[in-house]
Amino acid sequence: MTRQLGNYAKLVKGGRYLSSNQGIFRQNGFGAILNNHCQKNEADFRSALLIRSHHSGNWEKKSSYFGIFGVVIAGAIGGTLLYTSKVYSAEKVNDKGGERRLDLRNIRINEVRKHNSKENGIWVMYKQGVYDITKFVDKHPGGDKVLLAAGGELEPFWDMYTIHKNQHTLDWLESYRIGNLHPEDVKERQKRPVVKPDDPFGYEPTRHPALRTNSSRPFTAEPPFELLADNFVTPAELFFVRNHLGVPNVDVNKFKLEIQGKGVKKPITLSLDDLKKNFKHHTITSAVQCAGNRRAELSEYKPVKGVSWGIAAISNATWTGVKLSDVLTSAGVSADDDSVQHIHLTGLDNDTKNFYEASIPAAQALDGNKDVLLAWDMNGKPLTPDHGYPLRCVVPGTIGARQVKWLYKVTVSDEESKSHWQQNDYKQFNPTIDWGTLDYKKAVPIQEYPVQSAICEPKPNTVVDDDEITLKGYAYSGGGRGILRVDVSIDGGKTWQEAELENIKRPVYKQWAWTLWETTIEIPQDLQGKKFQVLCKATDTAHNTQPEFTSSVWNVRGLINNAWHRVGVSHQQS
Ligand SMILES: Nc1nc2c(c(=O)[nH]1)N[C@H]1C(S)=C(S)[C@@H](COP(=O)(O)O)O[C@H]1N2
Ligand SMILES: [Mo]
């Protein structure tokens with residue numbers, strides 16, 4: 001491992017791809033796999049770099065490359081496919097990969113699923129093909145991320161980055177072929193989810209297999225934290241999902257957005273086309289974080305109620321839409337009107353009695369600089385069903401709960417929304433208040449997020465045999481405050497080292513996106529051969545910093561835990 005790797009600043013200025021490849025290659029096992037493989041074929045390696053250094057896209061493009069190298073497939077296969085696909089993409093692809101082969105046996109899907117670990121072997125499926133890539137992974141150790149695809153299908157990982165397949169990579173994959181997926185399982189796999197109009201959860205979409213499901217009805221899931229810090233822009237398929245109700249079935253041709261309420265001089269109803277035609281389009285990059293992110297750590301201290309989120313109930317995307325301020329202004333709403341205090345946002349998801357609803361301050365909604373969007377696109381594509389298709393409200397810097405999905409009604413009012421989620425949830429209390437003493441009327445709804453950060457790499461319980469360790473993670477603050485610093489410590493906070501922040505051009509006073517960071521820290525003599533914790537804390541541009549202990553932020557609903565994030569690892573003398 002080399003120290004220079006974590007240097008994001010270098011990555012962005014000149015030769016980003018080159019240094020980012022090297023960086024990513026060296027520091028995570030996945031990258032290492034890729035690198036080893038490619039060195040065998042130096043020409044490929046170089047031309048791939050060449051292609052990449054010619055590429056001068058915007059950050060989103062760059063980040064997807066960044067992602068490609070960091071993530072995908074989670075591993076060897078994906079990496080190699082992605083990698084080589086850039087080199088050979090000019091070639092005509094005669095995609096024979098994964099076709100049924102008469103010389104090979106049929107394998108049932110249950111058997112494939114069992115081969116999901118290094119111990120049991122690593123099998124993957126592509127179309128009708130079954131592949132055993134254990135040997136490949138053995139030869140190139142350290143690629144933990146490959147396990148995310150183990151026992152499952154490759155397509156969802158490829159699709160995520162819309163990578164072009166090519167003959168070289170498909171041939172390479174075929175060399176690991178061991179059989180055909182049993183024809184009955186092929187049929188089963190092709191079935192679409194069954195729509196059940198009478199079931200409140202009758203329209204749930206198919207989700208990416210890498211998502212870690214916390215609950216299925218309503219659906220809540222987070223991406224594997226191992227992948228989170230690999231992409232500045234989280235692929236939509238991996239973006240965390242927090243639904244309180246079933247996904248509504250929306251006919252976009254009949255879809256209408258209503259603007260109504262106090263201070264609305266002319267109530268308006270707009271189709272999606274009206275919105276797109278009549279208002280100026282804006283694209284922003286903004287993180288969404290559930291107020292319950294990192295709740296699981298709070299329950300380690302004392303039990304709390306709620307979805308047991310890990311550290312990945314947060315994601316970052318680009319959003320395209322129109323400003324809510326423009327739409328409200330066109331309806332004659334003015335901030336000077338005393339009855340204009342709160343904007344209620346209502347979604348189409350409901351339990352037949354109640355629709356999901358939340359409200360935000362009118363001052364925020366009417367201020368064009370706050371970038372509150374009515375968005376139809378996420379990462380340049382229409383919103384997916386889980387993220388609010390066809391329209392959602394994006395409220396930058398504010399907790400996820402206010403960023404209403406499947407938005408169909410905007411109501412201007414002199415008071416807050418009366419909804420359950422505004423009044424009887426998403427409020428914080430001091431650590432002594434328990435269920436017996438809790439009075440929701442005594443607290444205000446959480447809106448802006450405080451400063452937050454977490455370590456995505458290393459994984460808990462990693463065994464390090466080097467004399468240094470690389471840390472990677474995210475940091476984020478609400479209200480448009482950016483991240484000044486992320487500090488990491490290996491000795492419980494006695495001494496600190498400043499991490500490198502990913503160098504991205506951001507608007508100064510409205511930093512809606514998260515900040516990725518990384519750094520390599522030396523393991524001092526007295527910790528060698530021992531168990532210890534690495535930890536991080538961020539400081540935002542208002543110089544707010546994270547509290548040291550979960551005990552001081554603990555609250556009965558388990559909300560906005562932003563205590564220092566700690567990961568236990570151990571060192572083993574090599
Ligand atoms: N209509 C509607 N909007 C909603 C929700 C919901 O259940 N219904 N959940 C909210 C919560 S609590 C969060 S954290 C975010 C999550 O957004 P995501 O699923 O796109 O990540 O959506 C918010 N908007
Ligand atoms: Mo949330």
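Let's start with T539 and T545, whose side chains are joined by a polar contact of 3.2 Å. By polar contact I mean a pair of N or O atoms within 3.5 Å; within protein, one must be able to donate a hydrogen and the other to accept it, and residues adjacent in sequence count only if both atoms are side-chain atoms. One word on the background: this is a predicted model, where local features need pLDDT of at least 70 and side-chain atom pairs count only at pLDDT 80 or more, while totals for chains, interfaces and linings use all residues. Residues are numbered from 1 along each chain as its sequence is written, chains are lettered from A and ligands numbered from 1 in the order in which they are written, and side-chain values use heavy atoms, with hydrogens and water left out.

Back to T539, which sits in strand β26, residues 531–540. Strands here are DSSP runs of E, at least two residues, numbered from the N terminus. T539 counts as buried because its relative accessibility is 4%; buried means under 20% relative accessible area, with a 1.4 Å probe and protein chains only. Setting aside neighbours within four places in sequence, T539 is in contact with V451, G482, I483, L484, R485, N544 and T545, contact being heavy atoms within 4.5 Å.

Now to a sheet. It is open, has four strands in the order β19-β21-β25-β24, and pairs antiparallel; two strands pair if DSSP finds at least two bridges between them. At the edges are β19 (452–457) and β24 (500–501), each pairing on one side only. Five bridges join β19 to β21, with A454 opposite Y474. Eight bridges link β21 and β25, and K472 faces E518 there. Then β24 and β25, residues 515–522, pair over two bridges, where E500 stands opposite E518.

How many of the nine residues of β21 are buried? Nine of the nine, so this strand, residues 468–476, is largely enclosed by the rest of the structure. E468, T470, K472, Y474 and Y476 point one way, while I469, L471, G473 and A475 point the other.

On to the ligand. Ligand 1 is surrounded by 19 residues, and the closest are F240, D349, H387, R392 and K405; a residue is near a molecule if one of its heavy atoms lies within 4 Å of it. Oxygen atoms of ligand 1 lie 2.5 Å from a side-chain N or O atom of K405, 2.7 Å from a side-chain N or O atom of R392, and 3.0 Å from a polar backbone atom of R242.

And where is H387? In the loop between β16 (381–382) and β17 (392–394). H387 is buried, at 3% relative accessible area. H387 and K405 are 18 residues apart in sequence, yet 6.3 Å apart C-alpha to C-alpha. Beyond its sequence neighbours within four places, H387 is in contact with A236, F239, F240, V241, M378, R392 and K405.

Last, the core. The largest nonpolar core has 80 residues, and those with the most contacts inside it are L275, W319, L324, L328, I343 and L374. Such a core is a set of buried Ala, Val, Leu, Ile, Met, Phe, Trp, Tyr and Cys residues joined through side-chain atoms within 4.5 Å. Its largest share, five residues, comes from strand β15, residues 373–378. Leaving aside neighbours within four places in sequence, the contacts of L374 include L257, L275, V322, L324 and L407. Thanks, everyone!

Terms used: Buried means under 20% relative accessible area, exposed over 50%, partly exposed in between (1.4 Å probe, protein chains only).
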